[in-house]
Amino acid sequence: PRNIQPDGSLRLVASRDWCSGFFPGELWYMYEYTGDDFWKEKAQQQTALIEREKMNGGTHDMGFKVYCSFGNGYRLTGDVAYKDVLLQAAYTLTTRYKEGAGIIRSWDHSRDKWDCPVIIDNMMNLELLFWAFRTSGDSLFYNVAVNHARTTMKNHFRDDYSSYHVVDYDTITGAVLHKHTQGYAHESAWSRGQAWGLYGYTVCYRETGLPEFLEQAKHIENYIFSSPTLPEDLVPYWDFNAPGIPNEPRDASAATVTASALYELSMYDPAKRQDYITKANTILENLSANYRAAAGKDRGFLLLHSTGSKMHNVEVDVPIVYADYYYLEALLRKQKLEKEGTAIL
């Protein structure tokens with residue numbers, strides 16, 4: 001499952017789709033939350049459908065597809081077969097690394113438009129590489145992840161720490177050729193892109209301890225919550241600069257990613273710990289009160305009002321699977337932080 005179509009039908013996708021790993025991941029989270037083997041069995045069935053992706057070198061979305069599914073499965077079961085899939089997926093991902101530019105290539109399509117495009121979403125795939133480094137000891141994974149994060153930090157962000165969606169590189173010289181967006185305009189701040197950056201740099205700090213990554217995450221958080229267009233309920237419009245605010249679609253998925261990241265970020269910044277937790281709690285409370293689908297309706301999705309790409313008129317104001325995934329993750333992190341003092345699952 002990926003989203004609900006305008007006619008009310010359920011859109012299903014193949015394993016190669018970048019969203020394929022979220023539903024299995026949700027099932028693993030349900031198993032973690034309940035301890036009920038019913039969810040474990042469903043998670044195992046859905047996860048198995050994605051194994052072929054470990055060899056798919058035509059995409060950068062290994063984290064979304066394989067780490068959200070097999071990664072959670074391995075964490076919760078210790079199944080060695082899952083570990084092998086994850087390591088192979090990580091090695092496959094490194095084949096997209098461009099040494100001259102210091103980045104992992106994102107897309108292979110639209111070659112008439114891009115030389116080597118890198119999207120901010122790619123920050124979410126670095127967690128798989130850091131896991132592979134910790135698991136295998138192969139420094140290749142660490143170096144690729146850190147170099148990609150540093151290059152992205154240098155080129156994707158504006159002076160106010162909002163980010164572009166796409167940066168196009170010359171892979172020989174590393175020169176930046178273009179900066180574009182999936183949002184309203186090339187110089188606007190697409191809301192989910194800001195959330196990807198916040199989450200990605202929080203993970204980078206966890207895995208490296210490098211202060212530069214913590215500072216970047218804090219700056220991104222400040223941009224998001226200082227925005228004059230951020231609504232009172234902290235669920236952003238699909239773009240912080242969308243021209244029709246307040247009559248623009250919201251993006252619940254950006255809010256869930258942000259909330260999940262904030263719970264972890266609160267562990268690393270004592271001075272703002274409670275501020276981050278309060279913001280994350282506010283997001284979850286408002287999503288649960290006003291954005292939640294009715295039980296037994298909306299094809300089983302949890303949250304309404306996400307926006308994939310309004311500029312392409314795709315997935316506008318509908319339930320989307322990754323909003324649900326990070327909603328469950330944020331709820332689990334909140335619970336664990338309150339019980340154990342850590343938000344790391």
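Me: Which residue with a positive phi follows H3?
Reply: In this predicted model, helix H3 spans residues 62–77. The residue that follows H3 has a phi near 70°, a positive value, and is Gly 78.

Me: How many of the 16 residues of H3 are buried?
Reply: H3 is largely enclosed by the rest of the structure, because the number of its residues that are buried is twelve.

Me: Is helix H6 roughly parallel or oblique to helix H7?
Reply: Helix H6 (residues 139–155) and helix H7 (residues 191–208) pack with their axes 11 Å apart, at an angle of about 140°. An angle over 145 degrees would count as roughly antiparallel. The angle of about 140° therefore makes H6, relative to H7, oblique.

Me: What is the handedness of the crossing of H6 and H7, and how do the residues of the contact divide by class?
Reply: The crossing of H6 and H7 is left-handed. H6 contributes Tyr 142, Val 146, Ala 149, Thr 152 and Met 153, while H7 contributes Tyr 201, Cys 204, Glu 207 and Thr 208. By class, the residues of this contact are six nonpolar, two polar and one charged.

Me: Which residues does Leu 210 touch, not counting residues up to four places away in sequence?
Reply: Leu 210 is placed in the loop between H7 and H8. Its C-alpha atom is separated by 9.7 Å from that of Val 146, although the two residues are 64 residues apart along the chain. With residues up to four places away in sequence left out, Leu 210 touches Tyr 142, Val 146, Arg 150 and Tyr 205.

Me: Are H8 and H9 roughly perpendicular or oblique to each other?
Reply: The axes of H8 and H9 come within 12 Å and cross at roughly 135°. The range from 65 to 115 degrees counts as roughly perpendicular, and angles over 145 as roughly antiparallel. With a crossing at roughly 135°, H8 and H9 are therefore oblique.

Me: Which residues of H9 make the contact with H8?
Reply: H8 passes H9 in a left-handed crossing. On the H8 side the contact is made by Leu 214, Ala 217, Glu 221, Ile 224 and Phe 225, and on the H9 side by Thr 258, Leu 262 and Leu 265.

Me: Is Glu 221 buried or exposed?
Reply: Glu 221 lies in helix H8. Leaving aside neighbours within four places in sequence, Glu 221 is in contact with Leu 198, Leu 262, Leu 265, Lys 272, Asp 275, Tyr 276 and Lys 279. Its relative accessible area is 1%, and buried means under 20%, so Glu 221 is buried.

Me: How many nonpolar residues are in the contact of H9 with H11?
Reply: H9 contributes residues including Ala 252, Val 257 and Tyr 263, and H11 contributes residues including Tyr 322, Tyr 326 and Leu 337. Alongside three polar and four charged residues, the number of nonpolar ones in this contact is eleven.

Me: Which residue is joined to Pro 246 by a cis peptide bond?
Reply: Most peptide bonds are trans. Pro 246 is placed in the loop between helix H8 (211–226) and helix H9 (252–265). The cis bond there has an omega of about 15°, and the residue joined to Pro 246 is Ile 245.

Me: What is the relative accessible area of Asp 317?
Reply: Asp 317 is placed in the loop between helix H10 (273–290) and helix H11 (321–340). Its phi is positive, near 60°, in a residue other than glycine. Asp 317 is partly exposed, with a relative accessible area of 39%.

Methods:
Residues are numbered from 1 along each chain as its sequence is written. This is a predicted model: local features need pLDDT of at least 70, side-chain atom pairs count only at pLDDT 80 or more; totals for chains, interfaces and linings use all residues. Side-chain values use heavy atoms; hydrogens and water are left out. Axes are lines fitted to C-alpha atoms, for helices over the stretch in contact, and angles run from 0 to 180 degrees between N-to-C directions. Helices (H or I, at least four residues) and strands (E, at least two) are DSSP runs, numbered from the N terminus. Angles under 35 degrees count as roughly parallel, over 145 as roughly antiparallel, 65 to 115 as roughly perpendicular and the rest as oblique. A crossing is left-handed if the near helix is turned anticlockwise from the far one by less than a right angle, and right-handed if clockwise. Contact means heavy atoms within 4.5 Å. Ala, Val, Leu, Ile, Met, Phe, Trp, Tyr, Cys and Pro count as nonpolar, Asp, Glu, Lys and Arg as charged, and the others, Gly among them, as polar. Buried means under 20% relative accessible area, exposed over 50%, partly exposed in between (1.4 Å probe, protein chains only). The bend at a residue is the angle between axes fitted to the seven residues ending there and the seven starting there.
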